[in-house]
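Student: Hi! I'm new to this one, so please walk me through it.

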Amino acid sequence: MRIGVFVCHCGSNIEATVDTVAVAEAARDFPEVVFATDAMYACSEPGQAGIVEAIRENDLDGVVVASCSPRMHEATFRRTLERAGLNKYLFEMANIREHVSWVGKDRTANTGKAIDLVRIAAAKLRCDAPLYPAEFEVSKRVLVIGGGVAGIQAALDCADGGIEVVLVEREPSIGGKMSKLDKTFPTVDCSSCILGPRMVDISQHPLITLYTLSEVEEVGGFVGNFTVKVRRKAAYVDWEACTGCGLCMEKCPSKRVSDRFNEGIGKTTAINIPFPQAIPKKASIDAQGCLMLTKGKCGVCAKVCPAKAIDFTQQDSFVEEKVGAIIAATGYDLFDFAKYGEYGGGRYPDVITSLQYERLLSASGPTGGHIKRPSDGKEPRDIVFIQCVGSRDKSIGRPYCSGFCCMYTAKQTILTKDHLPDSQSYVFYMDIRAPGKLYDEFTRRAMEDYGARYIRGRVSAIQPRNGRYLIKGADTLLGEQVQIEADMVVLAVGAEAAVGAPALAEKLRISYDAYGFFLEGHPKLKPVETNTAGVYLAGACQGPKDIPASVAQGSAAAGKVLSLFSKDKLASDPQVSAVNLQRCVGCAKCASTCPFGAIEMTVFRGQNKASVIETVCQGCGICTVTCPQGAIQLRHFTDNQLLAEVHALCPY
Amino acid sequence: MNVPRLAYYPGCSGQGSSREYDLSTRVMCADMDLELIDIPDWSCCGATPAHAVDHLLSASLVARNMAIAEEMGVSGIVTPCPSCLKNFKSTQRRMRRPDFHAAVEKLLGRSLRADLPVMSVLQVVAEQGVRTLPDRIKNPLTGLKVVPYYGCLMNRPPDVMAFDDPENPMALDNLLLALGAEVLPFPLKVECCGASLGVTKRQIVMRLSGRILDCAETMGAQAVVTACPMCQMNLDMRQAQVNRANQSNHHIPVFYYSQLIGLATGLDDRQIGLERLCVSPRPVLASLNGENREARS
């Protein structure tokens with residue numbers, strides 16, 4: 001083999017603590033290395049051109065690049081080799097940036113380690129063989145998990161692009177958090193007026209299959225060929241028959257069920273349609289509240305239903321869908337403020353969350369859009385808003401900023417003044433974070449035009465007093481303690497990962513951070529990709545986001561799916577397991593340990609042999625360590641290739 | 001039964017302004033088979049002034065008592081006073097730093113481990129005594145409307161005191177419920193009473209303690225129940241001052257919880273020092289007995 005070695009400076013990233021010229025110099029003495037040089041930026045256009053030129057001039061048939069992590073640029077350099085006419089698997093990368101220059105300061109020691117890493121890479125390269133990918137069919141359907149505004153946008157964009165979409169939503173209706181909002185910032189336009197038509201589009205689009213009251217149970221397969229099992233939870237109503245007339249809701253005698261859509265403000269019936277614009281507009285029964293399902297007697301809804309749609313015997317059912325890509329758009333949940341004892345820990349009825357307040361503002365809410373205190377139904381006059389409840393507080397494990405609370409609090413003070421002109425709003429804040437288009441102007445409007453009094457400081461206690469509440473806090477600009485008596489307190493609760501997000505991430509085999517938010521492929525350059533091919537992210541499941549950002553991500557994820565599906569066939573990764581038939585004794589141990597079911601047992605000339613289904617194999621390598629014969633080997637990571645690396649590092 | 005032997009640190013106020021707290025705590029614990037052994041030749045913990053001036057000197061005052069307790073073969077140290085407790089606990093915390101530990105030992109001229117568990121008597125009673133309490137109640141406090149007042153120190157700072165919820169503690173509430181009293185929700189249960197500022201800036205105590213008494217009365221309480229000598233003094237002894245300063249007319253007895261446990265378990269009024277309270281509890285207790293008699297007949 002004629003090997004070329006290219007040692008990258010990465011500007012000063014590597015060169016500052018690694019003598020790249022010395023590394024190249026040392027590499028020239030390695031076996032079969034015929035060419036070695038250093039390069040300012042190996043990944044740049046001139047850098048790549050230099051590699052192509054060196055391959056041609058020196059008749060190279062294998063290349064080592066010593067630079068950054070293969071996660072960063074392996075694909076880049078493999079394409080470079082292809083352009084020069086070489087098989088792209090005759091390439092090895094030595095990571096002398098993340099593993100060397102960024103972690104050590106001793107230039108001599110770093111240079112020595114870099115030389116060792118290049119030695120390892122060159123030794124492995126000598127054992128590498130050309131590999132050729134197979135092609136496989138792509139199922140051009142996409143699964144969107146979550147029917148909030150991000151999922152709706154992604155689903156509509158994909159469907160408008162001509163792709164079949166399966167949309168799965170946990171709740172009985174799509175719409176997500178946005179459907180619970182009264183108005184949206186900074187334009188104060190009606191939330192359901194702008195979201196409603198999109199929701200209708202979802203239900204009417206011929207390419208969209210909608211499963212609400214459903215959850216993703218299992219995900220198998222790989223990019224282009226996922227198999228997804230969806231649990232359709234029992235609604236106890238035949239949705240084919242239900243017309244959404246709402247008669248059952250009128251007659252249901254169990255009227256004390258906590259209203260999930262209204263965030264627990266007010267009560268609803270055991271059988272209900274969550275809100276007037278619900279999509280699909282179908283009734284479902286809350287099993288815990290239903291007299292028939294808990295006590296075995298009632299059945300009023302079944303008697304009055306004109307469509308005879310009620311079915312108390314309904315069970316959860318399962319459907320299986322084959323898709324080529326998945327978009328996770330599972331959104332967020334709200335911080336539980338019970339952790340803050342100083343705000344009453346949930347003991348005071350008129351200390352409510354911002355989303356509960358949103359339901360009070362909404363015309364379709366439990367009070368018909370009139371702001372009333374939950375305790376006694378009276379109109380409040382003084383309302384205190386407390387920001388950063390569950391945001392930017394290390395002591396409760398939420399050090400991050402939720403990003404949208406400053407804005408919605410400003411909006412709620414404006415709406416409060418509109419609803420109750422004699423009211424006075426007070427906002428306790430830490431900092432105003434309003435870095436969006438027209439955002440800062442909006443918060444100023446709340447203060448200057450709508451008279452909301454902003455107090456920079458935290459609240460130390462909320463205490464009930466004579467039917468009102470005494471809010472004690474600090475004004476850090478005045479350097480004084482302040483006390484405000486108010487009728488109602490609205491807590492701007494922060495965002496946290498949706499309930500069950502980590503469990504879903506594990507089903508999808510994607511990563512999540514310490515708070516349960518899904519991890520993007522790259523914080524800047526791959527904001528909607530994940531590290532699992534074919535799985536994309538949209539909206540607040542990746543981190544707290546407002547509506548414009550969620551919609552943008554929904555469209556971005558759809559764009560990624562459309563470009564993935566622009567090819568009829570995808571190339572499979574040839575770095576998968578392969579069976580040496582002569583060595584295989586047909587024990588089937590590999591087949592039993594494979595987590596992906598990628599190994600089948602076949603009969604070859606009358607003998608049992610293992611056989612790898614290449615498109616299913618994920619290249620994990622478990623079978624190779626299971627095989628007692630060493631007959632099954634992971635291509636590009638064979639025992640011999642790995643041993644060559646070890647021998648290069650430990651020659652004695 | 002294996003009864004833990006506990007070193008008892010009475011605190012200075014137990015010798016003077018809060019003698020009834022010390023008295024009633026001792027008989028309550030004896031009644032519960034909690035063996036308290038006085039730390040021999042104990043000395044003042046330094047109270048508020050010492051730690052406000054010098055952490056090292058303040059810690060040394062506490063450490064002297066800890067060192068004596070360590071030689072007693074006890075399983076822990078208890079004190080009825082949250083202020084003393086806070087000094088003990090923060091001294092232990094500071095002495096986790098080796099240099100500080102060494103400096104204290106050098107000042108004292110003796111070595112100590114500073115690792116004996118230190119707790120309030122309230123915590124011991126709430127966590128251990130409360131189990132046997134219902135069996136020993138002879139005169140339940142049925143009908144007595146009380147507000148529990150923990151003060152600002154009993155549970156705070158939370159990571160130092162490590163007892164109950166810092167914003168809405170319930171230990172005292174639950175004890176009083178076990179005695180049969182009607183425990184009213186008290187929003188100011190962890191507010192400051194003004195503490196030792198009664199000596200230097202009395203106006204602050206007038207305002208803060210006045211607020212607590214106002215709130216107790218608004219809630220309809222017949223009595224305030226405390227676990228702190230300082231709080232009790234400000235609310236009880238200074239109640240007349242507070243009334244003068246705020247043009248109010250409070251006349252509400254302020255008990256130590258140990259006195260109420262004593263009352264309910266049938267201890268003699270004198271044993272628990274009821275006569276030492278400034279605002280006489282007699283009218284409230286008389287009406288209570290009257291009601292209970294009616295209820296019984």
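Tutor: Happy to. One term before we start: two parts are in contact when they have heavy atoms within 4.5 Å. This is a predicted model, where local features need pLDDT of at least 70 and side-chain atom pairs count only at pLDDT 80 or more, while totals for chains, interfaces and linings use all residues. Residues are numbered from 1 along each chain as its sequence is written, chains are lettered from A and ligands numbered from 1 in the order in which they are written, and side-chain values use heavy atoms, with hydrogens and water left out.

Student: Okay, chain B then. Which domains is chain B divided into?

Tutor: Domain 1 covers 5-122 and domain 2 covers 136-296; such bounds come from an automatic or database domain assignment. The C-alpha centres of these two domains of chain B are 25 Å apart.

Student: And how many residues of domain 1 of chain B are in contact with domain 2 of chain B?

Tutor: 27 residues of domain 1 of chain B, and they meet 28 residues of domain 2 of chain B. Together the two domains of chain B bury about 2,400 Å², 68% of it on carbon and sulfur atoms. Buried area here is the accessible area (1.4 Å probe) that two parts lose on being put together, summed over both.

Student: Which residues of domain 1 of chain B lose the most area?

Tutor: B:Glu20, B:Tyr21 and B:Leu122, which together make up 29% of what that side buries.

Student: How many salt bridges are there between domain 1 and domain 2 of chain B?

Tutor: Three, a salt bridge being a side-chain nitrogen of Lys or Arg within 4 Å of a carboxyl oxygen of Asp or Glu. B:Arg136 pairs with B:Asp31 in a salt bridge, with the closest N and O atoms 3.3 Å apart.

Student: Which helix gives the most to that side of domain 1 of chain B?

Tutor: H1(B), with nine residues. Helices (H or I, at least four residues) and strands (E, at least two) are DSSP runs, numbered from the N terminus. By class, the side of domain 1 of chain B that touches domain 2 of chain B has eleven nonpolar, ten polar and six charged residues. Ala, Val, Leu, Ile, Met, Phe, Trp, Tyr, Cys and Pro count as nonpolar, Asp, Glu, Lys and Arg as charged, and the others, Gly among them, as polar.

Student: New topic: how many residues of chain B are in contact with chain A?

Tutor: Seven residues of chain B are, and they touch nine residues of chain A. The two chains bury about 680 Å² between them, 44% of it on carbon and sulfur atoms. There is one salt bridge between chain B and chain A: B:Glu191 with A:Lys472, whose closest N and O atoms are 2.5 Å apart. On chain B, the residues touching chain A divide into two nonpolar, two polar and three charged.

Student: What about chain A by itself?

Tutor: Chain A is divided into five listed domains, including domain 4 (336-496) and domain 5 (577-635). The C-alpha centres of domain 4 and domain 5 of chain A lie 62 Å apart.

Student: How many salt bridges are there over all chains?

Tutor: A search of the whole structure gives 51. In one salt bridge, A:Glu321 meets A:Arg141, with the closest N and O atoms 2.8 Å apart. A:Glu321 sits in strand S17 (residues 317-323) of chain A and A:Arg141 in strand S6 (residues 141-145) of chain A, so this pair ties together parts that are 180 residues apart in sequence.
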